[in-house]
Amino acid sequence: MRKIEKRAAVCLLLVLALLLGSGFFAFRFVAYGGKWVSFAANRHLYNSTGQLAVGRVLDRDGDVLSCVNADGQRLYYENPDVRRATLHAVGDPAGNIGTGALVAFADQLSGYNLLTGTYSPLGAGNDLYLTIDARLNYTAHRAMNGRKGTVAVYNYNTGEVLCMYSAPTFDPADPPGIQDGDERYDGVYVNRFLSALYPPGSVFKLVTLAAALENLPELESRTFTCTGATQVGGETITCTAPHGELNAESALACSCNGFFAQLASELGPDVLASYAKKAGLTSSYNVSGLSTARGSFDFTGATVGQVGWAGVGQYNDLVNPCAMLVYMGAIARGRDAAVPQLVLKTQSALDLPLSFYLKKKTGTLIRADTAKQVTAMMSNNVQATYGADRFPNMDVCAKSGTAEVGGGKAPNAWFAGFLRNASTPYAFVVLVENGGSGSDVAGSVAARVLNTLVNG
Ligand SMILES: [Zn+2]
């Protein structure tokens, strides 16, 4: 009798282990099945050269950016400049660009589902529509004219990314042999919009401004005289020229380092860091499953003068262009913004919709009353400094940045902002590495892309 009890107990344990194991497998199967199937060594999905042999990648209005021919070879758009312009959104044949659709969305392209796996009666995989418009990427590519950096535009209400360009780039239909240390292809596999970090330069003055509006009550009546060099905590904060008599609005319009470094030193490192965090600049966003790089603002052991420099976007400050874009959207909307997304929809070869994507919102990145004041000043920047006539039929609010990078190189040029028009709810960010002046260089790239978007 004892023996039987013992055996029954052992059987029960085995049954429990089986149930647990099956449950664990079922969970993993549901959660990761698509990833297992799209593993690069699966010869049912990848051809002999390792390219995904099923599925088409299209832009938002149906231009086929990549498809597969009858021999299972992957093809790209016919125009080589469009191929270069959409490289980081679509991906390269070798799969080196991990954030490209051919790698990142391989499970959705393969037509994988839980019931039939990747089997399809047509054997064609799925159509994956990206949110981007190839025409805007092409305009961005032409406007960047061989310079490195990134250009992005998105709808801050829906999250749809309309333009996402990263350079350097190459033709995926004719990939170059890239040697280590070749400057022309420095970081070419990195999608700079999603994965790079840069000193924000003067664009960060918007965060310092938001903190000052909420913490320094006399800010609106404050005046300041810029002589071109301002002492902050024993450090000389320089401007490109003496700006003369200023208030907060005119200081932002001429991007006076002295004025904003002074504000930063009064706010202190803790308040400044908390506003950078609140603005989402240290967050990582989930963009259709791709995680963006987290910015960092490390003020440990910083002197008063260094906090001053940090307040104008120098010192140790680093931001990700996508996080900056989302912050622009939040200022525009007056609190939060839609989280960017890159996949518009996926359809089977029978044109059956296979998925729909829920809009996601950020938390509160800026207080509504603060956003209103910042918006008014960003609008004044365009009227007073950048030139409203560069942006026809657009109510543009913007901030430029010219971020020093050291090493005797020209500064990085930034231009970020948004359109206030209800019918064109777009935020934008342009970063030109070693481009020089933010307003001139990055502003001109933004103007060309926005002009194509708004005026056709
Ligand atoms: Zn100044």
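Q: Which residues in H6 are buried?

A: Ala 134, Leu 136, Asn 137, Thr 139, Ala 140, His 141, Ala 143 and Met 144. Bear in mind that this is a predicted model.

Q: What do the buried residues of H6 pack against?

A: Look for contact partners by element. Here they are strands and helices: E2, H2, E5, E6, strand E16 (426-432) and helix H14 (438-455).

Q: How many salt bridges does the structure hold?

A: The count is 13. The test is distance: a side-chain nitrogen of Lys or Arg within 4 Å of a carboxyl oxygen of Asp or Glu. One of them joins Asp 127 and Arg 56, at 2.8 Å from N to O. This pair links distant parts of the chain, 71 residues apart: Asp 127 sits in strand E4 (residues 127-130), Arg 56 in strand E1 (residues 56-58).

Q: Is Asp 127 buried or exposed?

A: Compare its relative accessible area with the cut-off. Asp 127 has 8%. Buried means under 20%, so Asp 127 counts as buried.

Q: What does Arg 60 form with Glu 160?

A: A salt bridge, with the closest N and O atoms 3.0 Å apart. The two residues are 100 apart in the chain, and both lie in loops: Arg 60 between E1 and strand E2 (64-68), Glu 160 between strand E5 (149-155) and strand E6 (161-167). Arg 60 is partly exposed at 29% relative accessible area. Glu 160 is buried at 18%.

Q: Are Arg 83 and Asp 171 buried or exposed?

A: Both are buried. Their side chains meet in a salt bridge of 2.7 Å, N to O. Again, distant parts of the chain are linked: Arg 83 is in helix H2 (residues 80-85), while Asp 171 is in the loop between E6 and helix H7 (192-195), 88 residues apart.

Q: Which residues are linked in a network of salt bridges?

A: Look for residues joined through shared partners. Glu 214, Arg 367 and Asp 369 form such a network.

Terms used:
Residues numbered from 1 in each chain as written. Predicted model: local features only at pLDDT ≥ 70, side-chain atom pairs only at ≥ 80, totals over all residues. Heavy atoms only, no water. Helix = DSSP H or I, 4+ residues; strand = E, 2+ residues; numbered from the N terminus. Buried < 20%, exposed > 50% of the residue type's maximum accessible area, 1.4 Å probe, protein only. Contact = heavy atoms within 4.5 Å.
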